[in-house]
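Have the sequence and the 3D view open side by side.

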Amino acid sequence: MPLTDADLVARVLLDDDHHAFAELVRNHQSSVRGLLRNLTRTDVALADDLAQETFLRVYKNLRSFRGEARFSTWLYRIAYNCFREEARKRKELVGIDEERLQTEQDPQTVDPALRHDLMHALSLLPLPERSAVLLCCQNGLSHDEAARVLDIPLGTVKTNVLRGREKLKRTLAAWGPS
Amino acid sequence: MEEMIEEDQLDRQLREAVPYIDDDGFTARVVSKLPSPGRAPRSMRGIILVGLTAMGSAIAFAISGGRFVNEAIMRLSTFPIWILLVFAFGCGLIVGACAVIAAIRKTPEVRDLSRLQS
């Protein structure tokens with residue numbers, strides 16, 4: 001029977017078991033790297049660096065994990081914090097780049113080859129809406145869990161998800177056949 | 001209703017749009033950057049503790065020439081049996097209390113971890 005996250009965390013805490021930690025990384029690397037790739041707008045190298053930093057922080061702070069939330073929620077929160085810190089360092093990620101993408105890649109003028117490309121449509125959303133949609137719709141977190149990850153009020157998460165969904169639908173509809 | 005179905009469809013499409021990312025050495029890179037264990041694991045610490053206790057007892061026994069053990073047994077043999085029973089019961093209570101305290105100290109950690117399974 002495969003070990004649960006709880007079993008693996010316990011092994012790491014009790015015996016500093018690197019094999020158990022490796023198993024945790026293997027189990028979650030795809031979702032964490034996927035989330036970070038979407039947050040960094042498919043900058044694979046940066047996303048992987050952030051994912052690595054995320055798991056190293058997880059290892060260092062595992063004792064502070066009280067199990068009040070799911071392990072994946074805690075993990076996403078650390079990943080999001082890593083991204084946010086990096087974004088603050090590289091202003092262009094959330095500032096200049098955001099504006100540039102908003103203006104340059106207007107849904108009406110996007111290459112027809114990108115039709116129905118959800119990931120691309122997602123990358124056009126502003127960061128707060130993108131993060132909320134990614135966590136709730138793509139990674140299956142509840143609104144409450146997403147609020148914890150993003151460290152924002154529950155109502156804001158709900159609004160961002162709603163707006164994000166609406167914008168996604170509008171963007172996809174605009175790209176779709178008329 | 002129709003809107004909810006649309007939302008579910010969108011969520012499903014979003015989930016399916018993310019391919020599984022192959023590990024491709026990622027885990028190995030993370031593990032190679034972990035700090036090396038700074039202290040012996042708990043099981044090892046337990047063995048060291050028991051070993052040191054046994055060694056200390058052996059040294060004390062050797063230095064006294066074994067006299068204190070003989071004297072203690074002789075003294076115990078003169079006690080009434082009920083006193084020995086009370087003494088054994090008291091020892092059991094003390095050991096039990098220590099075990100309960102140790103278990104309680106560990107319980108929050110285990111309880112919190114077990115929540116993960118739900």
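Predicted model: local features only at pLDDT ≥ 70, side-chain atom pairs only at ≥ 80, totals over all residues.

Now step back into the helix itself. Is H9(A), residues 143-150 of chain A, mostly covered or mostly open? It's mostly covered, with six of its eight residues buried. The buried ones are Glu145(A), Ala146(A), Ala147(A), Arg148(A), Val149(A) and Leu150(A).

Next, the other end of chain A. The axes of H1(A) (residues 5-15) and H2(A) (residues 18-39) come within 8 Å and cross at roughly 145°. That crossing is left-handed. Here's who meets whom:

| Helix | Residues in the contact |
|---|---|
| H1(A) | Asp5(A), Leu8(A), Arg11(A), Val12(A) |
| H2(A) | Ala20(A), Phe21(A), Glu23(A), Leu24(A) |

Sort the residues of this contact by type and you get five nonpolar, no polar and three charged.

Finally, the two chains together. How many residues of chain B are in contact with chain A? There are 27, and they touch 34 residues of chain A. On the chain B side, the elements giving two or more residues are H1 (2-17), H2 (26-32) and H5 (81-117). H1(B) supplies the largest share, seven residues. By type, the chain B side splits into 14 nonpolar, four polar and nine charged residues.

How values were computed. Residues numbered from 1 in each chain as written. Chains lettered and ligands numbered in written order. Contact = placed C-beta atoms within 7 Å. Helix = DSSP H or I, 4+ residues; strand = E, 2+ residues; numbered from the N terminus. Nonpolar A, V, L, I, M, F, W, Y, C, P; charged D, E, K, R; others polar. Axes fitted to C-alpha atoms, helices over the stretch in contact; angles between N-to-C directions. Left-handed = near helix turned anticlockwise from the far one by under 90°. Buried ≥ 20, exposed ≤ 12 C-beta atoms within 10 Å, placed from the backbone.
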